Protein chains: 2
Amino acid sequence: MLRTHTCGELRKGHEAQKATLCGWVHARRDHGKLIFIDVRDRYGVTQVVFIPSVCKEAHDTAQKLGPEFVVSITGKVVIRPEKMVNKDIPTGEIELCAEGLEILNPSEVPVFGINDDVEVSEELRLTYRYLDLRRQKLLRALEVRHKVCSIVRSVFNEEDFVEVETPVLTKSTPEGARDFLVPARLNPGYFFALPQSPQLFKQILMVSGLDRYYQIVKCFRDEDLRADRQLEFTQIDMEMSFVTAEDIFKVTEKLFKAIFKEIKGIDLPIPFPRMTYAQAQKQYHSDKPDTRKKGEEFAFTWVVDFPMFKYNEEEKRWDSEHHPFTSVKEEDLVYLKNGEFGKVRANSYDLVLNGNEIGSGSIRIHKKDIQKRIFDIIGLDEKEAEERFGFLLKAFEYGAPPHAGVAYGLDRLVAILMGAESIRDVIAFPKTQKGNCLMTDAPSHVDARQLQELGLMMINKGRTQSLQ
Amino acid sequence: MLRTHTCGELRKGHEAQKATLCGWVHARRDHGKLIFIDVRDRYGVTQVVFIPSVCKEAHDTAQKLGPEFVVSITGKVVIRPEKMVNKDIPTGEIELCAEGLEILNPSEVPVFGINDDVEVSEELRLTYRYLDLRRQKLLRALEVRHKVCSIVRSVFNEEDFVEVETPVLTKSTPEGARDFLVPARLNPGYFFALPQSPQLFKQILMVSGLDRYYQIVKCFRDEDLRADRQLEFTQIDMEMSFVTAEDIFKVTEKLFKAIFKEIKGIDLPIPFPRMTYAQAQKQYHSDKPDTRKKGEEFAFTWVVDFPMFKYNEEEKRWDSEHHPFTSVKEEDLVYLKNGEFGKVRANSYDLVLNGNEIGSGSIRIHKKDIQKRIFDIIGLDEKEAEERFGFLLKAFEYGAPPHAGVAYGLDRLVAILMGAESIRDVIAFPKTQKGNCLMTDAPSHVDARQLQELGLMMINKGRTQSLQ
């Protein structure tokens, strides 16, 4: 290590010890003979004092320090006089009296201050994301995000779940939104798709006998961006075999109780209240009811018994409300039979927090004939069903167990926990509303040769032209 | 839960208790009046006996059971007579005397036996992956993979690392292999690329002051598949600030010691031996020396001081041996200056296990001028360097700390731990050597409309034609 301690570590107990700190120059106060700098790293801030009589060379170099210079400082830990103590920071009772200073890397004057209070346009923040991420708010958001993932994993591991990675290069089976396509060079004319969710794979894992699966996983939707969405986003995804909805609720409630306890110090009352879709619509005119009562910070609600189908006026056909792999409530099978599709309720459930849908799941269909019937109702003809979902129908022939699952949106959850306005504030390198990365300038042009290798060319307003 | 116990759970202590098991019919032995079935789930196998006098209906249904039927059985736990005890399985001292049987889902006759001893072609195994995954060997491989990931996370968490997700939709900056491209519909004519590694992002995270980063992350290389490679593979990726190579070695050795202790019960001696690239070449004629001595199962070696450049005879220029972000050994800076590029050694290190390179890393460049000099030597002109890596060079202007990192191949590591012949045996849904998924039939054709939306068309042998 190039340091002996972090910038958040030194205390009174280290008095007279020699220490080397590395970090960024957070502030400099030049008092003529004495120069003070605050040196900052991820762990905190420590005050350093340069005194010419202690080390002339270090004092000279300290005069050249600008904001965000990266430095290594060696010195002795000194206890500050009572009235100089800074009670706002944990290292405020000491300072480091410098005996040596090395500039590890200088810095241009940063385009904005490394300080939560400075108002900066989001465009500038995303362009210089490495400066933005040095600010407390974003750093803490990434740390909390990491913590939430750790808690998710430890709760699922305790409950005997297996984390399994599902493919990113997969088959195009549009689930409502558009798929991102990836040309397959080794199979010209063929394409992979990025998964909108691992839905089919997690169901296949249940057919494989995995019994309890989870994954914290990237999903992709090529949507016209509106509101607070990202082209790629992260789900906490899980699936269980041989369960009822009660078991999904129980694991979920244990999970959120643990997260809110550790992150916010709040004891969530469980089980969460439940409400049918019909009740929610009647009472709150919404399927995402904000059920907070006075003084209540966080209110979770399960909304259950969603309609199975919704009528698509434009296309004159029935669509799935949740997705076509959702099972039908047993007492409503009669409506399925007699064609009253609008009356059919699904075995599906949403988890709503403060009026945000943060998770959605269902008991799945596990029988081939019912699955085919649902495809038929939503207007997927047999050929298309076979082409897109044939492998699932095939798998259902070989001993598919009853199974159910749910997926939670990690980005939204962390944003709510942090009180962040946008999910962009809890993602290390988000894209803009227009789907660009301002830091790397992605997406970008590629070589014509790269396209040729893929057997592709660009069409421009009806004319074809090769990319230059 | 549809069950009260798993199929691996019942013991003598449960005698006379009522239990409901769910699982797959693993075997059936019909002894006329008595029918025995072995019911299997992820946790084990339990013998069930159907006796007509106990429950006629269950006995009748049991006659219809075929292999891999999914069943729910309720019955009483009975202790087997001494001579009927099966010492090979943990539940072998009891059996369940059935009082009820429900067929949850029937099964076609499986195309191969759910049994490790049955020889099955890989093509069939990958097509019916959900049957293949029911076999012990693959199930255990996924469980061990999960366990390895858990250990990785707990070691890194203990050491104050933050797991940060880096983007999957990113900028095309080919690093040796070809990038997979993703057309950006919202920006016609522009493309995202899937990352060959999070290299640039993890360096940017160090510039952001994250200090210690890790991620278990999917990487993508559009290579002609040879040997045992996959188009998408998983890395254990990490980066640290203010460190020397010694710190990378120390965390790594702690990590592998924990993995081998927990998974194999082996106490790895640490620190691992080290060898320079020159020594390895001289003594083993390889940069991946298999240093196992007699009776030794696993031998780790660090290989250090790789050449910085290798001469590309075909293109008549110098290439990076590791990657262009690797720093130069201080004592060799003189060779860099006087143009003796073949003599320059890098601050890079590989971790070799039994003759396999399982990890590779380096101390990175953190100064803009040196980074530009390296780009120049490998023949990246200023314009191209700016286009592809401008954001990194820019970031280096704003206080980049000294940093170093390494990435380990998770698939290969788990394959070695499991004694698997191929990494395909430790990946839930692998692709074939030709880059196809036999189960889902990916990659596949897509609608002409999908291509049109992306502003793309196929070129076929010089002629252009739209996809049908």
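**First stop: a loop in chain B**

Select Glu68(B), which sits in the loop between α1 (56–62) and β4 (70–79) of chain B. Helices here are DSSP runs of H or I with at least four residues, strands are runs of E with at least two, and both are numbered from the N terminus. The phi of Glu68(B) is near 70 degrees, a positive value in a residue other than glycine. Most residues other than glycine have a negative phi, and most peptide bonds are trans. Is Glu68(B) buried or exposed? Glu68(B) is buried, with a relative accessible area of 2%. Buried means under 20% relative accessible area, exposed means over 50%, and partly exposed is in between (1.4 Å probe, protein chains only).

Before going on, note that this is a predicted model: local features need pLDDT of at least 70, side-chain atom pairs count only at pLDDT 80 or more, and totals for chains, interfaces and linings use all residues. Residues are numbered from 1 along each chain as its sequence is written, chains are lettered from A and ligands numbered from 1 in the order in which they are written, and side-chain values use heavy atoms, leaving out hydrogens and water.

**Chain A as a whole**

Now select chain A. Its C-alpha trace spans about 95 × 60 × 40 Å along the principal axes. Colour by secondary structure to find twelve helices and 19 strands. Of the 468 residues in chain A, 59% are buried. Contact means heavy atoms within 4.5 Å. Among contacts in chain A between residues at least 6 apart in sequence, 63% join residues at least 24 apart.

**Helix α5 of chain A**

Select residues 199–207 of chain A. Nine of the nine residues of this helix, α5, are buried, so it is largely enclosed by the rest of the structure. Among them are Phe201(A), Lys202(A) and Met206(A). What do the buried residues of α5(A) pack against? Within chain A, the partners are β9 (212–220), β10 (232–241), α10 (382–395) and β17 (403–409). Step past the helix to Gly209(A), whose phi is positive, near 85 degrees.

**The A–B interface**

Show both chains. Here 122 residues of chain B are in contact with 124 residues of chain A. The two chains bury about 10900 Å² between them, 61% of it on carbon and sulfur atoms. Buried area is the accessible area (1.4 Å probe) that two parts lose on being put together, summed over both. Select Glu165(B), Phe242(B) and Tyr398(B): they supply 8% of the area that chain B buries against chain A, more than any other three residues.

How many salt bridges are there between chain B and chain A? The count is twelve. A salt bridge is a side-chain nitrogen of Lys or Arg within 4 Å of a carboxyl oxygen of Asp or Glu. For one pair, select Asp224(B) and Arg185(A), whose closest N and O atoms are 3.1 Å apart.

**Backbone stops**

Go to Ile270(A) and Pro271(A). A cis peptide bond joins them, with omega about -5 degrees. Pro271(A) is in the loop between α6 (245–264) and β11 (274–276) of chain A.

Pro443(B) is in the loop between α11 (410–418) and α12 (448–453).

End at Ala16(A), in the segment before β1 (18–31) of chain A. Its phi is near 70 degrees, a positive value in a residue other than glycine. At 51% relative accessibility, Ala16(A) counts as exposed.
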